[in-house]
Amino acid sequence: MFRFDPYSPAVDADPFPFYKTLRDEHPCFWSEEANMWVLSRYDDIVTALNDWETYSSAKGNLMDELPNRAGATLGTTDPPRHDRLRGLVQFAFTKKAVEGLVEPVRASANRALDAVKGEKSFDFVADFSSKVTVDVLFGLFNLPRENEREVRDKAVLMVQSDPKTRQKGPEHIAAFQWMGDYARQMVELRKREPGDDLITALIQAEIDGEKLADREVQMTITTLIMAGIESLSGFLTMFALNLADHSDARRRLAANPALIPDAIEESLRFNTSAQRFRRCLQKDTVVHGQTMREGDFVCLAYGAGNRDERQFRNPDVYDIDRKPKGHLGFGGGVHACLGTSFARLATRVAFEEFLKRVPEFARVQEHLPWMPSTTFRSPTRLDLAVA
Amino acid sequence: MAKVTFIEHGGAAQTVDIPEGWTVMQGAVRNGVEGIEAECGGSCACATCHCYVEEEFLDRLAPPSQTEEEMLDSTASERRTNSRLSCQIKVTAALDGLVVRLPEAQS
């Protein structure tokens, strides 16, 4: 009998065979291990994303929600309040607003590359993706530069779950609480010393004449740090992995960096770091003959929709000429990733520099250590041998 | 379903079927219409799904909310009297045959 256990290390390592069975044989599947339904076909996921009234985010959007988070962040609020809150935050993430990050990302990438100059191999995660992401995010939020390392470690830990107990372990909850305390301190700091930054803007913002509650500001900042650090460094790592595995594509990008944006889109489709999010049904809903009940949770498996041959031809082929418009690498609907412009820009600029200085590289490990997470997917270490 | 025709700035036209209840922007993104960016995913927070609605359909639409009005002031291309954000136009049977023109730039 087919099972789909998003806590299983086998799914962390390679979810794609499971996704195929889900799409072909169980397009609306009840996962006992996850205690929720799983939608895996592209069309079904898009339909759910476009119908926030039925598929609500107000009970949390992470597969394993963190305590007291739902309802206090953008991703866990439904319209119309969501839209007002998003309007406040979006301004900091528009294309125009993030344009100023080009030079900081370039400088940061080069500092990281200077540090490994002359090495025959290095860990892309520790030596490049996490360094660059933390560096740039601290700049974006204008955070004090001490404890960069600790912030990064906690951001990575808080998105994980325990594969044995099938829930967040004490260390994951503690990391989340640490980040909440950190965010609260940053909010206190900006209250004392307002600046021209996102945290100050959130503190001063009003929705329908009401200021955001301190907890909303704090949880929103916590989430932005988590997404900015963990999701972005996870995606940079997946992109590097794709380029290590597909040397023809990599050589084309190194020879013609103008192709990098197309390759980024294909990697977002091929193996996005944000594999699965969840919604909660607001009414009984029938999909493929299965009745899902009001109150049931539903997993939207973006990573499965992105490999659906009903939408993408030869979906298991990595093809940088594909230009996969409408992919689910950033989710979709009103909760589509807020940081798309930031992520695209940071990835493009970081890899322009990376490929200039490291045009030839290859994987060292045959088997990668994968992060234990029901929501995100990326290796915790990626050793690259350089020519 | 309603048929909606998107005419790009260069003149290329694409007609797509959009389910009732979806927004015009959602239909555009689902069908890969070039010229609609929809950076914010439809929460009326970015003005990159700007379109010009053909005059005959204008009064069939609910008027723009205050938030949409504010966002329309910051479109990348010129705001005209028939400017709307396509994420705020819900498709109904009455909109079958809708024609929208897309601006030169969204961002």
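The model is predicted: local features need pLDDT of at least 70, side-chain atom pairs count only at pLDDT 80 or more, and totals for chains, interfaces and linings use all residues. Residues are numbered from 1 along each chain as its sequence is written, and chains are lettered from A and ligands numbered from 1 in the order in which they are written.

**Chain B**
- Chain B has three helices and five strands. These are DSSP runs numbered from the N terminus (helices: H or I, at least four residues; strands: E, at least two).
- Along the sequence, the pattern is β-β-α-β-α-α-β-β.
- The C-alpha atoms of chain B fill a box of roughly 30 × 30 × 25 Å along the principal axes.
- Of its 107 residues, 43% count as buried, with 20 or more other C-beta atoms within 10 Å of their own, placed from the backbone.

**Chain B against chain A**
- The contact takes 15 residues from chain B and 19 residues from chain A. Residues are in contact if their C-beta atoms, placed from the backbone, lie within 7 Å.
- Helix α1 (residues 24-30) of chain B gives the most to its side, with three residues.

**Helices α8 and α9 of chain A**
- The axes of α8(A) (residues 148-158) and α9(A) (residues 170-192) come within 8 Å and cross at roughly 130°. Axes are lines fitted to C-alpha atoms over the stretch in contact, with angles from 0 to 180 degrees between N-to-C directions.
- Residues of α8(A), including Val151(A) and Met158(A), meet residues of α9(A), among them Phe176(A) and Trp178(A).

Key: Two residues are in contact if their C-beta atoms, placed from the backbone, lie within 7 Å. A residue is buried if 20 or more other C-beta atoms lie within 10 Å of its own, exposed if 12 or fewer, and partly exposed in between; C-beta atoms are placed from the backbone.
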